[in-house]
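Look first at the sequence and the fold below. The paragraphs after them go from the overall layout to single residues.

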Amino acid sequence: MTQIAGTIMPADIRGQIMRDPTSSSTLPSLVVRMLEDLQVEPESKVLEIGTGTGYSTAVLCARLGEEYVTSIEYDEEVASRARTALGRRGMYPTLVSSDGLLGYAEGAPYDRVIATCGVCTVPAAWIEQTRPGGLILTTIGGWLGSSELARLTVHNDGTATGLLLSGQVSFMLARPHTPPALGLLPDLSEGKEREAIIGTDALNDWTSRFVMQLAAPHAQHLTMERDGHTEHVLVDVESGSWAALYEKDGRWIVRQDGPNAPWDAVEEQLGRWHAAGTPALEEFTVSVTPQGQTITW
Ligand SMILES: C[S@@+](CC[C@H](N)C(=O)[O-])C[C@H]1O[C@@H](n2cnc3c(N)ncnc32)[C@H](O)[C@@H]1O
């Protein structure tokens with residue numbers, strides 16, 4: 001961990017960490033695995049999103065030469081520390097301090113784009129700035145906390161398709177893709193109640209959680225004590241839709257309200273995934289077109 005809550009350095013912490021990490025050094029073995037997955041070749045022009053400490057940027061420079069490497073970091077303080085660290089190693093790639101979701105058009109087209117922060121949806125700018133045949137490697141995640149690496153090939157028509165890879169790879173979400181603060185919750189006492197077909201145990205499995213995220217992409221999960229029992233709540237603060245589940249006499253009961261009925265959507269999607277034989281994430285395909293992103297199996 002190299003930064004917490006966008007401002008705090010780990011060395012300044014006394015006691016327990018209560019806020020979320022905002023920058024960290026990627027596990028070196030994961031950096032290498034991702035550079036292999038990215039299939040970098042001599043003279044590949046690479047755009048990296050999430051410079052962080054500069055470690056993965058340094059490995060890219062060592063492999064390709066600094067003239068082939070552009071790296072973007074959202075946080076100016078983190079970017080400046082990475083610049084110093086790379087300079088100390090005599091490495092001067094193009095370092096940009098801005099929102100990497102917009103890419104860096106000045107250096108385009110790139111042969112490869114690699115993100116060491118996660119995204120919920122692959123940004124259009126990355127596809128536009130990658131040459132046809134080029135590859136984009138990123139983790140696709142969501143607000144229920146599941147994610148996986150995806151490798152997409154960019155096509156002549158401006159779309160990109162590919163597969164999820166394996167390993168339950170997870171990165172902190174790109175700052176503009178982090179969930180909004182929960183704030184004041186909707187009134188969870190009203191709502192339509194029924195017996196649930198699927199209980200919240202589905203949240204304990206990485207792949208089924210990924211599938212749930214696809215069904216309810218704006219839902220966040222929390223637990224609360226209510227009327228003497230634990231309730232699992234999925235809430236979409238933007239639309240005001242929510243679902244609350246609790247166990248009663250060995251059965252799951254769901255109560256939900258709002259325009260999207262999140263648990264109906266989750267059960268429908270999980271039902272389709274079960275009917276297909278619970279395929280692994282490596283069997284999921286990702287397609288990104290100007291109309292949006294779809295993930296299917
Ligand atoms: C896990 S760290 C990257 C670690 C880095 N690869 C290394 O080896 O040290 C993720 C980084 O992504 C940065 N980040 C988050 N959102 C971003 C965005 N929209 N554009 C660019 N960088 C972003 C964070 O500030 C953080 O430094």
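This is a predicted model: local features need pLDDT of at least 70, side-chain atom pairs count only at pLDDT 80 or more; totals for chains, interfaces and linings use all residues.

The protein chain is split into domain 1, residues 3–177, and domain 2, residues 192–275. Their C-alpha centres are 32 Å apart. Where the two domains touch, 12 residues of domain 1 and 12 residues of domain 2 take part in the contact.

Next comes the interior. In soluble globular proteins, nonpolar side chains tend to be buried together. In this model the largest nonpolar core contains 47 residues, and W126 and W263 have the most contacts inside it. The element that gives the most to this core is helix α5 (residues 206–215), which supplies five residues. Another core, of 21 residues, lies apart from it; C61, M91, L149 and F171 are among its members.

W126 deserves a separate look. With neighbours within four places in sequence left aside, W126 is in contact with I49, G100, L101, G103, V113, A115, V119, I136 and T138.

Helix α5 can be examined in the same way. Is this helix enclosed or open? Buried here means under 20% relative accessible area. Nine of the 10 residues of α5 are buried, so the helix is largely enclosed by the rest of the structure. The buried residues are W206, T207, S208, R209, F210, V211, M212, Q213 and A215. They pack against strands β7, β8 (147–154), β9 (160–164) and β16, and against helix α6 (262–275). At the start of α5, a side-chain oxygen of D205 comes to within 3.2 Å of the backbone nitrogen of T207.

The ligand is the next stop. Of the 26 residues around the ligand, those that come nearest are S23, T53, S56, E73 and G100. G100 is also one of the contacts of W126. The side chain of T26 has an N or O atom 3.3 Å from a ligand nitrogen, and a polar backbone atom of G50 is 3.4 Å from a ligand nitrogen. Taken alone, the ligand exposes 610 Å², of which the protein buries 99%.

T130 lies in strand β7, residues 130–141. Because its relative accessibility is 5%, T130 counts as buried. Its side chain reaches the backbone oxygen of W126 at 2.6 Å. Beyond four places in sequence, T130 is in contact with Y110, D111, V113, L135, I136 and V154.

W297 is found in the segment after β16 (292–296). Is W297 buried or partly exposed? At 26% relative accessibility, W297 counts as partly exposed. Leaving aside neighbours within four places in sequence, W297 is in contact with V211 and L214, with Q269, R272 and W273, and with A276, P279, E283 and F284. V211 is one of the buried residues of α5. From W297 to P10 the separation is 287 residues in sequence and 41 Å in space, C-alpha to C-alpha.

Technical notes
Residues are numbered from 1 along each chain as its sequence is written. Side-chain values use heavy atoms; hydrogens and water are left out. A nonpolar core is a set of buried Ala, Val, Leu, Ile, Met, Phe, Trp, Tyr and Cys residues joined through side-chain atoms within 4.5 Å. Buried means under 20% relative accessible area, exposed over 50%, partly exposed in between (1.4 Å probe, protein chains only). Helices (H or I, at least four residues) and strands (E, at least two) are DSSP runs, numbered from the N terminus. Contact means heavy atoms within 4.5 Å. A residue is near a molecule or strand if one of its heavy atoms lies within 4 Å of it. A polar contact is a pair of N or O atoms within 3.5 Å; within protein, one must be able to donate a hydrogen and the other to accept it, and residues adjacent in sequence count only if both atoms are side-chain atoms. Accessible areas come from the Shrake-Rupley method with a 1.4 Å probe; for residues, only the protein chains shown count as cover. Domain bounds come from an automatic or database domain assignment.
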